[in-house]
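Let's take a walk through this structure together, with an eye on where small molecules and open space meet the protein.

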Amino acid sequence: MNIVLLGSPGVGKGTYAKKLSEIYKIPQISTGDMFREAIKNKTKIGLKAKEYIDKGGLVPDNVTIGIVEERLKKDDCKNGFMLDGFPRTIAQADALSDIINIDKVLDFTASEEIIIDRLSGRRICKSCGTIYHIRNIIPKVKGVCDKCGGKVYQREDDKPESVKKRLDVYKKQTEPLIEYYTKKGILRSINADWPIEQVDNVIADARKALEE
Ligand code: ADP
Ligand code: ZN
């Protein structure tokens, strides 16, 4: 199954994507993770993307579409995939539909209060990308990833100035995709307004929507 995950920054998309990709044994393709990896490795794309990302803006469509197109050609996508963070603009969605058929779109929703709390408290492992939260998901040793021993840090774009910008960008550029995919009849809305310990509820709803 070819799946797209939509939802505001901070809704927990990355966490749900990881779980669902394990359950369905299909790759999680996160453009945010791909950009962070490129930045870490100081590739050409990484250097370009960094300017936009740190400020909370979007990386230009042509760059983003290019990396997704390359990624979808890989063998592990043959039996399906889960796109996490792409598309984020109508232009990206149009480009995607030219590349491949999408079976279902899950739109995760949560209140603005929850979203801002998740974003401002979020911490992430520099090495493996595991997500933590200063109050709700705390690593056993402060600043050290439980899974790989990597450094746990706050993303530049999770600082308050960039968070506000990202939420604005989401409203203007990404929210129109809800109507776009509703019209195609493939969008399902998933309530993610749960405390993070209850992530299993969200996963259960997502599975129902995918298996209906
Ligand atoms: P979040 O979902 O928490 O905003 P991501 O890790 O998905 O974070 O993305 C981080 C940043 O990477 C975005 O704010 C944006 O700058 C860039 N990015 C990720 N995906 C895209 C995309 N599809 N188009 C443009 N920029 C993107
Ligand atoms: Zn780690």
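Begin at Lys-13, where a polar side-chain atom sits 3.3 Å from an oxygen atom of ligand 1. Keep in mind as you look that this is a predicted model. Now turn to the nitrogen atoms of the ligand: one of them is 2.7 Å from an N or O atom in the side chain of Thr-31. With Val-59 it is the backbone that takes part, as one of its N or O atoms lies 3.0 Å from a nitrogen atom of ligand 1. On its own, ligand 1 would expose 550 Å², and the protein buries 96% of that.

Ligand 1 is surrounded by 19 residues, and the closest are Thr-31, Gly-57, Gly-85, Arg-122 and Arg-166. Sorted by class, this shell holds seven charged, six polar and six nonpolar residues. Which helix gives the largest share of the shell? That is α2, spanning residues 31–40, with four residues.

Helix α2 also leads us to our next stop, the second largest pocket, where five lining residues come from α2, the largest share. Two or more lining residues also come from each of α3 (44–55) and β5 (122–125). The volume of this pocket is about 540 Å³. Its lining counts 21 residues, and those nearest the centre are Arg-36, Glu-37, Lys-40, Lys-126 and Tyr-153. How does the lining divide by class? Twelve of the residues are charged, seven are nonpolar and two are polar.

Definitions and conventions
Residues numbered from 1 in each chain as written. Chains lettered and ligands numbered in written order. Predicted model: local features only at pLDDT ≥ 70, side-chain atom pairs only at ≥ 80, totals over all residues. Heavy atoms only, no water. Near = heavy atom within 4 Å. Polar contact = N/O pair within 3.5 Å; in protein donor to acceptor, adjacent residues only side chain to side chain. Areas by Shrake-Rupley, 256 points an atom, 1.4 Å probe, with all protein chains shown as cover. Nonpolar A, V, L, I, M, F, W, Y, C, P; charged D, E, K, R; others polar. 1 Å grid on protein atoms, 1.4 Å probe; cavity = no way out; pocket = protein on both sides within 12 Å on 5 of 7 lines; lining within 4 Å. Points joined across faces, edges and corners; volume = space filled by probe spheres on them.
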